[in-house]
Amino acid sequence: MFYAVIAEDKPNSLEKRLEVRPEHLERIKQLNNEGRLLLAGPHPSIDAEDPGEAGFSGSLIVAEFSSLEDAKRWAETDPFVKAGVYDKITVKPFRKVLP
């Protein structure tokens, strides 16, 4: 089943986010290589493709896991969590309908 990982960044965490981003992306690429990734990306803090110094307010990752518990464990071990970028993470089941 798919699960949505909805993460909210701590205020003023852009520097840490950029520092840890390569490690964070490696984990997401692994999901993609395993055919489990539906989508992933950050939420810009402003209405712009490149928010610059405004940074990001969080991230959304939708991927396949064997259970809600597995999805939560995966989310809790993200490099952004370890580095203190994320303030809050919500993980919940996701059912793809379209397209």
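Guide: Gladly; please keep in mind throughout that this is a predicted model.

Visitor: Where does Asp-9 lie, and is Asp-9 buried or exposed?

Guide: Asp-9 has its place in strand E1, which covers residues 2-9. Among the residues that Asp-9 touches, leaving aside those up to four places away in sequence, are Phe-56, Val-85 and Tyr-86. The relative accessibility of Asp-9 is 10%, and because a residue under 20% counts as buried, the answer for Asp-9 is buried.

Visitor: Which strands stand at the edges of the sheet?

Guide: The sheet is open and has four strands, paired in antiparallel fashion in the order E2-E3-E1-E4. Each edge strand has a single partner strand, so one side of it is left without a neighbour in the sheet, and the strands in that position are E2 (37-44) and E4 (86-94).

Visitor: How many bridges join E1 to strand E3?

Guide: Strand E3 spans residues 56-64 and runs antiparallel to E1. Within this pair, Ile-6 stands opposite Leu-60 in E3. The number of bridges joining E1 to E3 is seven.

Visitor: Which helix packs on the sheet touching E1, E2, E3 and E4?

Guide: Helix H2, residues 68-76, lies across E1, E3 and E4, and runs at about 155 degrees to E4. The helix that touches E1, E2, E3 and E4 covers residues 14-33, and its direction makes about 10 degrees with that of E3; this is helix H1.

Note on methods. Residues numbered from 1 in each chain as written. Predicted model: local features only at pLDDT ≥ 70, side-chain atom pairs only at ≥ 80, totals over all residues. Heavy atoms only, no water. Helix = DSSP H or I, 4+ residues; strand = E, 2+ residues; numbered from the N terminus. Buried < 20%, exposed > 50% of the residue type's maximum accessible area, 1.4 Å probe, protein only. Contact = heavy atoms within 4.5 Å. Pairing = 2+ DSSP bridges. Axes fitted to C-alpha atoms, helices over the stretch in contact; angles between N-to-C directions.
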